[in-house]
Amino acid sequence: MARRPIALVTAAVLFLEAPGIVAFNAVMARFVKAQSMSLDGLHPDAMYAGTWALGLGSGALLVLCGLVPLVAAIRDRRPGRAGRALLIGCAVVHGVLGAVTVGLMGWLAFAFMMLVVALIVLTLVAYGEPRAAEEGAPAPA
């Protein structure tokens, strides 16, 4: 099975997506600052700082999520419990953002988000339960 290339492609996509989300939030932060936007009386500078914080935090989490399949591909072993939980959370967030993205940015952005979800799920499935032969037990007849 081609699980190493799948995990490497997943890691590469997540690593490439991280600066993209930071750049997207940087553009949104400039709009907030230029138009002095506020939400329910919140100070515009707080909105600007919050948009930047969301972008940097999201980018850092995407890099962390990208490290999980990269390490799995290098070791050729399934991720640990925390790594799998991180990838599942990342897939769920991409699915929800994909649903929102289709209305805001169009079908091409939706297709990209679903591609990322598919890659993450494929990585999780490819590195599923360990086979009996890998654990040293005899294979079933």
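The model on screen is predicted.

**Around Asp76**

Display the side chain of Arg3 together with that of Asp76; the two meet in a salt bridge at 3.2 Å, N to O. Arg3 belongs to helix H1 and Asp76 to the loop between H2 and H3, so this pair ties together parts that lie 73 residues apart in sequence. Arg3 itself is buried, at a relative accessible area of 12%.

Arg4 is partly exposed, with a relative accessible area of 38%. With the three side chains shown, a network of salt bridges linking Arg3, Arg4 and Asp76 is in view.

**Lys33 and its partners**

Move to Lys33 and Asp45, whose side chains meet in a salt bridge of 3.9 Å, N to O. Here the link runs from helix H1, which holds Lys33, to helix H2, which holds Asp45, across 12 residues. Both residues are partly exposed: Lys33 has a relative accessible area of 46%, and Asp45 one of 45%. Now show Tyr48 as well: the charged end of Lys33 sits over the Tyr48 ring, 4.6 Å from its centre.

**Along helix H3**

Select residues 81-104, which form helix H3 and number 24. From first C-alpha to last, H3 reaches 34 Å, close to the expected 34 Å. Centre the view on Gly98, where H3 has a kink of about 25 degrees. Gly98 is also one of the buried residues of H3, among them Leu87, Cys90 and His94. To see what covers these buried residues, display helices H1 (3-34), H2 (44-75) and H4 (107-126), which are included in that cover. Just after H3, Gly106 takes a positive phi of about 110 degrees.

Helix H4 has 20 residues and reaches 28 Å between its first and last C-alpha. Its buried residues, including Met113, Val117, Ile120 and Leu124, pack against H1, H2 and H3.

Finish at Trp107 and Phe110. Their ring centres are 5.4 Å apart and their planes stand at 85 degrees, so the pair is edge-to-face. The two residues are three apart in H4, a separation of about one helical turn. Trp107 is exposed, with a relative accessible area of 63%, whereas Phe110 is partly exposed at 25%.

Definitions and conventions. Residues numbered from 1 in each chain as written. Predicted model: local features only at pLDDT ≥ 70, side-chain atom pairs only at ≥ 80, totals over all residues. Heavy atoms only, no water. Helix = DSSP H or I, 4+ residues; strand = E, 2+ residues; numbered from the N terminus. Expected span 1.5 Å × (residues − 1). Bend = angle between axes of the 7 residues up to and from the residue. Buried < 20%, exposed > 50% of the residue type's maximum accessible area, 1.4 Å probe, protein only. Contact = heavy atoms within 4.5 Å. Phe/Tyr/Trp six-rings, centres within 6.5 Å; stacked < 30°, edge-to-face > 60°. Lys NZ or Arg CZ within 6 Å of the ring centre and 35° of its normal. Salt bridge = Lys/Arg side-chain N within 4 Å of Asp/Glu carboxyl O.
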